[in-house]
Amino acid sequence: MRAERGGRPGSPSRASAGWGLLLWILCVACSAPAAEPGATPGAIPGVDRPRDADPPAAARSAGEHAGAVEITFLDIGQGDAVLVRSPEGRTALIDAGGGDPVEQLDALGVERIDLLVATHPHADHIGGMEEVLAAYPVRFYMDNGQPHTTATYLGLARVLRRRTDIAYLEAVERVVSLGSVTLEVLPLPPAETVDHNDRSVTIVVRLGSFSALLSGDSETKELGHFVRRGLVPDVTVLKAAHHGSRNGFTRAFLEAAAPEVVVISLGSNSYGHPHGEASRAYASVAAEVYRTDRDGRVTVLGYKDGSYVVRTER
Amino acid sequence: MSGRDERVWVVDRIEGEKVILVEDETTATAEVGRSGIGVAVREGTVLRVPLSPSGTLVWVDARADDGEEQVRREEGRRIQDELRGRDPGGDVEL
């Protein structure tokens with residue numbers, strides 16, 4: 001387990017952290033035990049809590065959560081589920097695949113979901129959606145508008161048709177605000193030219209100078225579409241597309257995104273995820289690369305000044 | 001939707017040479033090598049997979065049900081069109 005506070009060295013965001021950051025580090029260091037041998041450089045041992053001791057929503061206005069956007073990459077096996085919580089307590093869940101997202105969301109103190117996003121209709125991204133819809137009040141649902149023929153998709157679609165209390169948002173170029181956090185939806189490639197992965201709903205999460213790019217299972221066609229249109233922002237955090245597959249990155253895309261942190265969401269699989277070439281590419285551009293299969297749940301707290309804290313379950 | 005001697009499986013996605021399928025009645029998933037399936041498949045292909053006398057799936061004898069696939073695509077499109085009617089449009093503040 002580790003906790004780090006990072007930022008781009010020498011960048012305005014790092015400099016603007018200034019005395020506030022120094023004070024925060026001193027406060028935490030005073031209450032923490034001595035560093036363990038082999039600890040990650042810059043890590044501050046002793047500030048992590050056990051998995052089931054996450055603070056309730058009311059406590060998120062205090063301590064390191066104060067003013068932070070919290071992005072949690074759930075450990076759900078081979079699939080995606082990313083929880084975004086704003087400082088004001090607004091909540092978005094981007095994908096709900098793999099194992100049992102509800103159990104983990106309950107443990108994280110989630111009580112409602114303001115925005116539920118299906119990046120694309122593959123089972124490893126929507127397999128737990130019906131359970132999520134049954135477990136929590138959901139205000140808005142977003143997808144890429146592209147149907148599938150599986151029972152997983154059709155079951156979800158029929159539930160959404162009945163649930164007229166849930167408003168729908170198509171993933172067109174638009175901004176969804178969760179209080180002070182914005183979710184910018186990038187325009188998708190034309191439907192007729194690509195398959196499901198290459199029409200993954202892609203979202204840039206922003207809070208001040210902090211940003212994170214979440215792009216489902218985008219492959220080279222969709223990533224190229226974003227690069228050619230100049231849509232790829234320089235971001236703090238990148239969720240590796242398509243579980244770290246060989247076709248989930250391009251050099252041009254990574255150079256444009258220039259992430260400080262990369263998170264790969266995956267579990268045990270027989271597809272070769274993450275691919276060695278992808279792992280090396282991520283390690284070459286980012287200071288830190290995390291994997292949910294190895295690190296468990298990965299949580300990033302992002303601050304307006306662009307600094308961040310990464311906490312892992314293991 | 002399927003008789004006692006066959007099961008309906010639908011191609012969810014293809015990862016390299018692995019085909020990932022979703023079973024209709026349980027939404028269980030299975031991985032099968034592309035070469036082990038008797039017909040050409042792509043995302044969305046609806047397969048009727050016979051059972052052997054011992055009850056195992058005989059993927060090599062699977063056949064594609066194009067009509068059922070089309071019915072499902074049309075239902076999906078209808079529902080997506082209905083959902084679009086609930087879209088307030090533009091940017092949204094939550």
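Visitor: Among contacts in chain B between residues at least 6 apart in sequence, what share joins residues at least 24 apart?
Guide: That share is 40%. Bear in mind that this is a predicted model.

Visitor: And for chain A, what is the share of contacts joining residues at least 24 apart?
Guide: In chain A, 65% of the contacts between residues at least 6 apart in sequence join residues at least 24 apart.

Visitor: Which secondary structure elements does chain B have, and in what order?
Guide: Chain B has 1 helix and 6 strands. From the N terminus they run β-β-β-β-β-α-β.

Visitor: Is chain B compact or spread out?
Guide: Chain B is more spread out than a compact globule, because its radius of gyration is 17 Å, well over the 12 Å that the globule rule gives for 94 residues. Its C-alpha trace spans about 55 × 30 × 20 Å along the principal axes.

Visitor: How much of chain B is buried?
Guide: Buried residues account for 44% of its 94 residues. The accessible surface of chain B is about 4900 Å², with 47% of that belonging to carbon and sulfur atoms.

Visitor: What are the figures for chain A?
Guide: Of the 314 residues in chain A, 61% are buried. Its accessible surface comes to about 11400 Å², and carbon and sulfur atoms hold 53% of that. The secondary structure of chain A amounts to 9 helices and 16 strands.

Visitor: Changing topic to pockets. What is the volume of the largest pocket?
Guide: The largest pocket holds about 320 Å³ of space.

Visitor: Which residues lie nearest its centre?
Guide: Those are A123(A), G127(A), T152(A), T27(B) and T29(B), out of 18 lining residues. At least two lining residues each come from α3 (123–126), α4 (129–135) and α5 of chain A, and from β3 (29–33) of chain B.

Visitor: How does that lining split by class?
Guide: The lining of the largest pocket has 7 nonpolar, 6 polar and 5 charged residues.

Visitor: How many cavities of 30 Å³ or more are there?
Guide: The structure holds 2 of them. The second largest cavity contains about 50 Å³ of space.

Visitor: What lines the second largest cavity?
Guide: Its lining includes A118(A), H120(A), Y141(A), D143(A) and Y153(A) from chain A, as well as Q80(B) from chain B. By class, the lining has 6 nonpolar, 4 polar and 1 charged residues.

Visitor: What about A241(A), buried or exposed?
Guide: A241(A) counts as buried, at 3% relative accessibility. The loop between β12 (237–239) and α7 (251–257) of chain A holds A241(A). Neighbours within four places in sequence aside, A241(A) is in contact with S215(A), G216(A), S218(A), G248(A) and Y282(A).

Visitor: And where is A258(A)?
Guide: A258(A) is in the loop between α7 and β13 of chain A. Phi of A258(A) is near 40 degrees, a positive value in a residue other than glycine. With a relative accessible area of 22%, A258(A) is partly exposed.

Visitor: Which residues does the cis peptide bond join?
Guide: A cis peptide bond joins H273(A) and P274(A), with omega about -5 degrees. P274(A) lies in the loop between β13 (261–264) and α8 (276–285) of chain A.

Visitor: Which residues of α6 in chain A are buried?
Guide: In α6 (residues 220–228), E222(A), L223(A), G224(A), H225(A) and F226(A) are buried. The buried residues of α6(A) pack against α7 of chain A. Just after α6(A), G230(A) takes a positive phi of about 65 degrees.

Visitor: Last one: E111(A), buried or exposed?
Guide: E111(A) counts as exposed, at 65% relative accessibility. Leaving aside its neighbours within four places in sequence, E111(A) is in contact with Y136(A) and P137(A).

Conventions
Residues numbered from 1 in each chain as written. Chains lettered and ligands numbered in written order. Predicted model: local features only at pLDDT ≥ 70, side-chain atom pairs only at ≥ 80, totals over all residues. Heavy atoms only, no water. 1 Å grid on protein atoms, 1.4 Å probe; cavity = no way out; pocket = protein on both sides within 12 Å on 5 of 7 lines; lining within 4 Å. Points joined across faces, edges and corners; volume = space filled by probe spheres on them. Nonpolar A, V, L, I, M, F, W, Y, C, P; charged D, E, K, R; others polar. Helix = DSSP H or I, 4+ residues; strand = E, 2+ residues; numbered from the N terminus. Rg over C-alpha atoms; globule rule 2.2 N^0.38 Å. Buried < 20%, exposed > 50% of the residue type's maximum accessible area, 1.4 Å probe, protein only. Contact = heavy atoms within 4.5 Å. Areas by Shrake-Rupley, 256 points an atom, 1.4 Å probe, with all protein chains shown as cover.
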